[in-house]
Amino acid sequence: MSIARAYSLPFKVIRISGQDKLSYLHGQVTQDINLIKEDNFMWSGHCSPKGKLWSVSRLTQYQGDYLMLAGVAEAEASLRELKKYGVFAKVDIDFADCQVFGLITQDSEALVKAFGVELSSDASAVDVTNGKLLKLTDERFAFIAFEGASLPADVEQQSNPAPFIAASILAGEPSLDADHVDEFVPQMVNLQALKGISFKKGCYTGQETVARMRYLGKNKRAMYIVTGNTAEHIEEADIELQIEDNWRRGGKVIQQTFDANSGRYYALAVMPNDTPQDAVLRAKNSPEVSLTIQPLPYSLEDN
């Protein structure tokens with residue numbers, strides 16, 4: 001019996017190395033890079049000068065370098081922008097030659113042990129043979145596999161990543177598709193709730209906009225989890241909200257997946273932050289699909 005299921009994910013990893021790697025990255029992202037160690041990962045955003053997200057990533061250290069793990073469209077946008085300004089610092093920035101797996105398990109201790117390592121109770125990352133293991137939750141891990149790395153023998157590989165993506169959506173973990181890169185301020189995708197924004201670190205690209213959203217109450221949008229039943233796969237760009245007998249745009253879908261086994265559609269949508277939890281919603285291009293808002297697993301207050 002397998003101890004975990006592994007899913008190949010549509011993610012890329014940016015590797016930042018060189019003498020100025022810490023100071024350079026610190027000035028580019030929303031996270032305090034001084035807090036990134038070998039035994040942890042932290043959420044972070046990489047913004048344009050206007051404060052709009054190029055990417056939401058998980059940051060960690062590996063062999064003295066920094067790794068940024070993000071969706072393909074986000075990683076490609078961040079690599080382009082990091083390279084653009086990196087010419088003025090002593091840094092090397094490029095995609096890492098690796099594969100990213102998502103792991104779902106009911107026994108995290110057994111899974112970590114199967115990799116031949118130990119993970120202390122206060123750690124969220126650990127080096128394994130030719131790779132890096134990130135503990136996202138008690139049930140979910142990300143495995144960055146470099147050349148020569150392999151999954152443990154009692155981990156079962158799956159071909160469809162939908163169950164892992166669905167679990168990430170239900171955890172309220174933001175990921176931007178290609179259509180929404182450079183569109184949202186970090187607070188609009190709840191990055192502050194994941195402790196992905198440091199408001200004490202000093203200057204970084206886009207900081208003025210991010211700070212204004214926090215201290216002047218300018219943000220009017222948030223990311224919601226929505227789900228619904230459907231007999232077949234759907235791809236949506238917009239969600240509609242019912243107002244009495246009429247329908248109007250309710251929000252934009254930034255991440256979605258469909259589980260064919262359960263007939264369940266899962267999505268993350270950016271909507272007005274006063275949208276009621278019992279709002280009546282539907283998929284715009286498939287109006288027969290009713291959608292409901294699911295509770296966030298974290299609070300948006302006082303973050």
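Buried means under 20% relative accessible area, exposed means over 50%, and partly exposed lies in between, for a 1.4 Å probe and protein chains only. The points below use these words throughout.

1. **Basis of the note.** The model is predicted: local features need pLDDT of at least 70, side-chain atom pairs count only at pLDDT 80 or more, and totals for chains, interfaces and linings use all residues. Residues are numbered from 1 along each chain as its sequence is written, and side-chain values use heavy atoms, with hydrogens and water left out.

2. **The open sheet.** Six strands make up an open sheet with mixed pairing, in the order E8-E9-E10-E7-E1-E11. Its edges are strand E8 (125-128) and strand E11 (155-158), each of which pairs on one side only. On average, neighbouring strands of this sheet are turned by 25 degrees against each other, direction ignored. Strands (E, at least two residues) and helices (H or I, at least four) are DSSP runs numbered from the N terminus, and two strands pair if DSSP finds at least two bridges between them.

3. **Strands E9 and E10.** Within the sheet, strand E9 (residues 131-135) pairs with strand E10 (residues 140-146) in the antiparallel sense, over five bridges. Lys132 stands opposite Ile144 in E10.

4. Side chains of opposite charge can pair when their charged atoms come close. A salt bridge is a side-chain nitrogen of Lys or Arg within 4 Å of a carboxyl oxygen of Asp or Glu; the structure holds 13 of them. One of these joins Lys132 to Asp127, with the closest N and O atoms 2.7 Å apart. Lys132 is buried because its relative accessible area is 0%, whereas Asp127, at 31%, counts as partly exposed.

5. **A bridge between two strands.** Asp238 forms a salt bridge with Arg249, the closest N and O atoms being 3.4 Å apart. Asp238 belongs to strand E13 (residues 238-243) and Arg249 to strand E14 (residues 246-259), so the pair ties together parts that are eleven residues apart in sequence. Asp238 has 12% relative accessibility and therefore counts as buried. Elsewhere, salt bridges that share partners join Glu38, Asp127 and Lys132 into one network.

6. Glu76 is partly exposed at 39% relative accessibility, and Lys12 is partly exposed at 28%.

7. Leaving aside residues up to four places away in sequence, Val13 touches Leu67, Met68, Leu69, Asp94, Phe95, Ala96, Cys98, Val100 and Ile144; contact means heavy atoms within 4.5 Å. Val13 and Ala89 are 76 residues apart in sequence and 20 Å apart in space, C-alpha to C-alpha.

8. **A nonpolar surface patch.** Tyr85, Val87 and Phe88 make a nonpolar surface patch of about 380 Å². Such patches consist of residues with over 30% relative accessible area and no salt bridge, nonpolar side chains (Val, Leu, Ile, Met, Phe, Trp, Tyr) being joined within 5 Å and like charges within 9 Å. Phe88 is placed in the loop between helix H2 (72-86) and strand E6 (92-95). Phe88 counts as exposed because its relative accessibility is 71%.

Terms used: Areas by Shrake-Rupley, 256 points an atom, 1.4 Å probe, with all protein chains shown as cover. Axes fitted to C-alpha atoms, helices over the stretch in contact; angles between N-to-C directions.
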